[in-house]
Amino acid sequence: MTEALNRPAAGILFVIAGILAISVSDLLIKLLSGGYPLHEMVFIRSGIGICFSLVLVQLEGGWQILKTKTPGLHLLRGGLVVVSNLSYFAALAVLPLADATALFFVAPLMITLLSIPILGEKVGPWRLGAVVVGFGGVILMMQAWRGESAPADVHWLILVLPMFSALAYALNQLMTRKLGVASKASAMAVYIQAMFILVSLGFFLVAGDGRFAQDASNESIIFLLRAWVWPEGPDRWLFLGLGLNSAIIGYALGQAYRLANAATVAPFEYLGLPLAVFWGWVIWAEFPAPLVLAGIALIMGSGLFVFLRERIKSRPMIKKRVHRRY
């Protein structure tokens with residue numbers, strides 16, 4: 001049996017690259033969400049993304065690396081990614097970018113917890129305590145959407161969507177760690193893109209004419225089921241950017257979780273939180289409520305603590321030389 005890879009520095013660099021690409025992708029999808037259906041955006045970005053991914057396949061070993069002995073597991077992993085993306089993007093059409101991202105960031109906490117039963121990784125009491133603090137931050141952020149100041153058109157299910165997305169994402173990344181022992185990152189990215197294309201084509205065949213969105217009032221439902229519109233003008237460049245980012249995300253995150261321990265890599269995903277706050281402030285003049293900012297601080301603080309504990313634990317012990325006094 002092939003041993004799991006252990007290159008934490010490389011894994012950290014790849015997860016940072018993946019999170020930067022995710023941040024830009026979220027920005028582009030929110031910009032385009034007012035005029036295009038989600039399944040069309042997914043189809044176009046995945047069609048472009050799979051072309052870039054196939055180039056990476058050639059660089060990593062050629063067509064033979066697409067062969068796999070576990071097609072069912074790759075199919076399940078692809079399904080988890082599709083569920084994660086669709087549920088998150090549906091929430092993104094309604095919620096501010098920073099708030100949706102913050103609610104999604106229960107994912108690294110779930111990865112740390114689920115790595116215990118699924119991967120058999122050891123997570124000590126200090127890191128478990130930090131995870132509890134992080135979950136407290138998520139709960140605190142949700143309080144900002146309760147009470148008189150909360151928008152009346154935001155149903156509580158919309159707030160659940162990013163966390164449901166987080167669960168699917170966490171399971172996906174843990175599967176990446178297992179499958180990455182025998183599969184290249186570029187091959188796993190191709191499987192993901194192919195799954196997105198198949199699912200979005202299914203949406204098009206069933207709802208591509210927009211008939212199910214005609215009587216809908218919820219913005220997330222409209223975003224999911226709106227009729228296809230061919231991109232024109234500057235939007236074409238935005239879709240090209242979506243496709244490029246899709247390829248980067250699939251490859252970078254696949255590499256990150258196949259090269260390094262899940263509990264080591266996951267905390268660096270918190271970089272997405274300040275990036276979401278930044279984009280929301282610059283593009284839409286959105287700034288998180290005080291409770292949301294407090295929750296973000298708790299989540300990032302717990303993530304950094306988990307990382308530091310992991311690094312201290314993995315550092316080789318240096319034996320101190322004992323000097324006798326005569």
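1. Of the 326 residues of the protein chain, 50% count as buried; buried means under 20% relative accessible area, exposed over 50%, and partly exposed in between, with a 1.4 Å probe and protein chains only. This is a predicted model, in which local features need pLDDT of at least 70 and side-chain atom pairs count only at pLDDT 80 or more, while totals for chains, interfaces and linings use all residues. Residues are numbered from 1 along each chain as its sequence is written, and side-chain values use heavy atoms, with hydrogens and water left out.

2. The protein chain has 13 helices and 0 strands. Helices (H or I, at least four residues) and strands (E, at least two) are DSSP runs, numbered from the N terminus. Among contacts in the protein chain with a separation of 6 or more, 86% are between residues 24 or more positions apart; contact means heavy atoms within 4.5 Å.

3. The accessible surface of the protein chain is about 16,200 Å², and 69% of that surface belongs to carbon and sulfur atoms. Accessible areas come from the Shrake-Rupley method with a 1.4 Å probe, and for residues only the protein chains shown count as cover.

4. Helix 2 (residues 38–60) has 23 residues, which at 1.5 Å a residue should span 33 Å; the end C-alpha atoms are 31 Å apart, which agrees. The expected span is 1.5 Å times one less than the number of residues. Buried residues of helix 2 include Leu38, Met41, Ile44, Arg45, Gly49, Ile50 and Val57. Their cover includes helix 1 (8–32), helix 3 (71–92), helix 8 (185–207), helix 9 (219–225) and helix 10 (235–259). Glycine 61 follows helix 2 and has a positive phi, near 150°.

5. Glutamine 193 lies in helix 8. This glutamine is buried, with a relative accessible area of 1%. Not counting residues up to four places away in sequence, glutamine 193 touches Ser46, Gly49, Ile50, Ser53, Ser246 and Ala247. Of these, Ser46, Gly49, Ile50 and Ser53 are among the buried residues of helix 2.

6. In helix 6 (residues 125–143), the buried residues are Arg127, Ala130, Val131, Gly134, Gly137, Val138 and Met141. They cover an arc of only 105° around the axis and so lie on the same side of helix 6; the arc is that of the directions from the helix axis to the C-beta atoms. Pro125, Val132 and Ile139 are exposed on the other side of helix 6. The 19 residues of helix 6 should span 27 Å at 1.5 Å a residue, and the end C-alpha atoms are 27 Å apart, which agrees.

7. A nonpolar surface patch of about 680 Å² is formed by Leu31, Phe278, Trp281, Val282, Ile283, Phe287 and Leu293. Patches are made of residues with over 30% relative accessible area and no salt bridge, with like charges joined within 9 Å and nonpolar side chains (Val, Leu, Ile, Met, Phe, Trp, Tyr) within 5 Å. Helix 12 (residues 272–284) gives the largest share of the nonpolar patch, 4 residues. Phenylalanine 278, in helix 12, counts as partly exposed at 41% relative accessibility.

8. Alanine 285 lies in the loop between helix 12 and helix 13 (290–314). Its phi is near 55°, a positive value in a residue other than glycine. At 67% relative accessibility, alanine 285 counts as exposed.

9. A search of the whole structure finds 1 salt bridge, defined as a side-chain nitrogen of Lys or Arg within 4 Å of a carboxyl oxygen of Asp or Glu. The side chains of aspartate 209 and arginine 211 meet in a salt bridge at 2.8 Å, N to O. Aspartate 209 counts as partly exposed at 47% relative accessibility, and arginine 211 counts as partly exposed at 42%.
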